[in-house]
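Colleague: I would like to go through a model feature by feature. Please give the general idea each time, then the case at hand.

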Amino acid sequence: MKRRGLLITSNKGFTLLEVIVSLIVISLFGAMLLGFFQTQIVGSTVPIDAMRDGFALDQIMERMTADYENIVNTDPNPLTTLDTNITTLSYGTYTAITQFIAFDGLNNEIAATCPTDCTILKVTITVSNQTITTIFTQ
């Protein structure tokens with residue numbers, strides 16, 4: 001009776017199947033991480049854009065306020081002149097909505113007619129998706 005010899009295997013290294021499975025698993029994790037990091041990188045500019053737009057709003061409002069301070073000393077109707085300047089002059093790139101307002105007895109804002117009541121001018125400025133509102137008074 002012949003005995004067959006025992007098959008002796010070496011535990012040095014990986015089999016081809018183990019290498020292929022490892023590469024597949026690593027590539028799947030790599031693809032998931034790549035997708036995650038791409039969205040994070042694209043979204044990382046949002047705070048910077050918001051800060052830039054806020055800075056632009058601040059500069060525009062500073063220019064309008066400085067213009068109003070110059071007008072107030074020389075013009076008998078400074079708010080009417082400022083309203084005209086906001087729509088005709090360029091303080092920067094923005095969208096502006098101006099409205100003369102008054103307040104009723106309950107402190108609610110109501111629209112005012114300018115020839116009779118031009119003492120409060122409400123200015124709303126929008127740059128991209130940020131908005132600032134200020135009130136100029138006489």
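**Salt bridges and other features**

Modeller: Lys122 and Glu109 join their side chains in a salt bridge, 3.1 Å from N to O. Lys122 belongs to strand E3 and Glu109 to strand E2, so the pair ties together parts 13 residues apart in sequence. Glu109 is partly exposed, with 39% relative accessibility. The model is predicted: local features need pLDDT of at least 70, side-chain atom pairs count only at pLDDT 80 or more, and totals for chains, interfaces and linings use all residues. Residues are numbered from 1 along each chain as its sequence is written, and side-chain values use heavy atoms, with hydrogens and water left out.

Colleague: What counts as a salt bridge, and how many does a search of the whole structure find?

Modeller: The criterion is a side-chain nitrogen of Lys or Arg within 4 Å of a carboxyl oxygen of Asp or Glu. The search finds three. Asp49 and Arg52 form one at 3.1 Å, N to O, and Arg52 forms another with Asp53, where the closest N and O atoms are 4.0 Å apart.

Colleague: Where do Asp49 and Arg52 lie?

Modeller: An α-helix has 3.6 residues a turn, so residues three or four places apart point the same way. Here both Asp49 and Arg52 are in helix H2, three residues apart, or about one turn. Helices (H or I, at least four residues) and strands (E, at least two) are DSSP runs, numbered from the N terminus.

Colleague: Is Asp53 buried or exposed?

Modeller: Buried means under 20% relative accessible area, exposed over 50%, and partly exposed in between (1.4 Å probe, protein chains only). Asp53 is buried at 7%, whereas Asp49 is partly exposed at 29%. Contact means heavy atoms within 4.5 Å. Leaving aside neighbours within four places in sequence, Asp53 is in contact with Val127, Ser128, Asn129 and Gln130.

Colleague: Which other residues of H2 are buried, and what do the buried residues pack against?

Modeller: Among them are Leu57, Ile60, Met61, Met64 and Tyr68. The buried residues of H2 pack against helix H3 (78-88), E3 and E4.

Colleague: How do strands E3 and E4 run, and how many bridges join them?

Modeller: Two strands pair if DSSP finds at least two bridges between them. E3 (residues 120-127) and E4 (residues 130-137) run antiparallel and are joined by eight bridges. Thr126 has Thr131 in E4 as its bridge partner. The hairpin has two residues between the strands.
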